[in-house]
Amino acid sequence: MSSKASLQANSVPAPATQRQPMTVPDFMSAKLRGIKLTMLTAYDYTLARLLDDAGVDAILVGDSLGMVMQGEPHSLRVTLDEMIYHTKLVARGVRHSLLITDLPFMSYQVSPQQALENAGKLIKEGGAHAVKIEGGVRSAHSIAAIVNAHIPVMGHVGMTPQSVHRFGGFRVQKDESQLLEDALATEQAGAFAVVLECIPADVAQKISSTLKIPTIGIGAGAGCDGQVLVSYDMLGMFEDIRPRFVKQYGDLGREVVQAVEAYCREVREGTFPAAEHTFS
C-alpha cells in the first residue's frame, strides 16, 4: 500500500465497536500524521451519543449552549454550574470521542487560581477530559496553572465569543501579529491544541504552519489541522444566526417541523393512534 493510500485508510473512522477512545496524545499526534481532526458541539446525552457513533474525534460542550439551547443573544450569561450539568449529560453518551468543555465567562478571568479550581470542577464533577479557555496572551498564566495540574487545555484565539462586546459584535479578526502572538502564547503555556475562529485563511495557514500543536478552525479556512462547527448550525436546527463559515449538512429543523405537522394532522383526523399502536 502506498503512503498516500495508507494515510487515507488511517483517516477513515473505524466502526464504533472497533474504535479506541481518542486521547489527548492521539489528538496532538494527528498533526504529525497528517490526519485532519473533526470536532462538533453537543449539550445532551442523545446528540452526544449520535456524534460519538458517527466517529467525530472530539465533542465540545460549548458555552454556545447559551444561544442554541437557552435562546440568549450571546454566551455571556452561561454559568459554570450549567456547564457542569451539560457536561454530565454529554459524558454519558461519549465512548470514543475526546470530551472538551468550555470554561464560561468570568470563570477564569479573575486569577489563575480561579481558573484552576473551575477547570478541576469540569473534570471532576462534569466528567470532561479537557477544558477550553479563550484568550491568548491574556490567558497564558491561567492556561499554565491548569496544565501544571495535569488538566489538558485547548486554547481559543481570534474571534473569542466571550469578547463580543469589546469587538462590537461577532467580527472577523485581522491583526496578524496579535493573532500569531496569542497563538504562540497559548502553545507556550502548555495547551495541546488551539481553536482559530473567524480569521483570514492565509493568517490561519501561517499560524498552523508555525505551531507544533494542532489548530482547529471555525471560519479560518482549510489550512487548519482540523475543523469545528456548532452541531445545531451544521444540522440546520438553529437559524437565529447564520454564519458565513457554516456548511449545512442537513435540514433537520425543517424535518422536525414536517414531522410535528404530520403528527398534529393525524391526531386531529383520528388516524393516530392506529390499531398497531394500541393495546388490546
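Predicted model: local features only at pLDDT ≥ 70, side-chain atom pairs only at ≥ 80, totals over all residues.
**Barrel.** The fold closes 8 strands into a barrel. Their order is β1-β2-β3-β4-β5-β6-β7-β8, and the pairing is parallel. On average, neighbouring strands of this sheet are turned by 25° against each other, direction ignored. Strands of a sheet pair through backbone hydrogen bonds, either parallel or antiparallel. β4 and β5 (residues 153–158) run parallel and are joined by 4 bridges. Val131 has Val153 in β5 as its bridge partner.

**Largest pocket.** The volume of the largest pocket is about 710 Å³. Its lining comprises 36 residues. Nearest the centre lie Pro161, Glu197, Ile218, Pro243 and Phe245. Which elements each supply at least two residues of the lining? They are α4 (65–68), β4 (130–134), β6 (193–197) and β8 (226–229). The lining residues divide by class as follows.

| Class | Residues in the lining of the largest pocket |
|---|---|
| Nonpolar | 21 residues |
| Polar | 7 residues |

**Aromatic pairs.** The structure holds 3 aromatic pairs. One of them joins Tyr263 and Phe272. Their ring centres are 6.1 Å apart. The planes meet at 65°, which is over the 60 degrees cut-off, so the pair counts as edge-to-face. Is Phe272 buried, partly exposed or exposed? Its relative accessibility is 33%, so Phe272 counts as partly exposed; that value falls between the 20% and 50% limits.

How values were computed. Residues numbered from 1 in each chain as written. Heavy atoms only, no water. 1 Å grid on protein atoms, 1.4 Å probe; cavity = no way out; pocket = protein on both sides within 12 Å on 5 of 7 lines; lining within 4 Å. Points joined across faces, edges and corners; volume = space filled by probe spheres on them. Nonpolar A, V, L, I, M, F, W, Y, C, P; charged D, E, K, R; others polar. Phe/Tyr/Trp six-rings, centres within 6.5 Å; stacked < 30°, edge-to-face > 60°. Buried < 20%, exposed > 50% of the residue type's maximum accessible area, 1.4 Å probe, protein only. Pairing = 2+ DSSP bridges. Axes fitted to C-alpha atoms, helices over the stretch in contact; angles between N-to-C directions.
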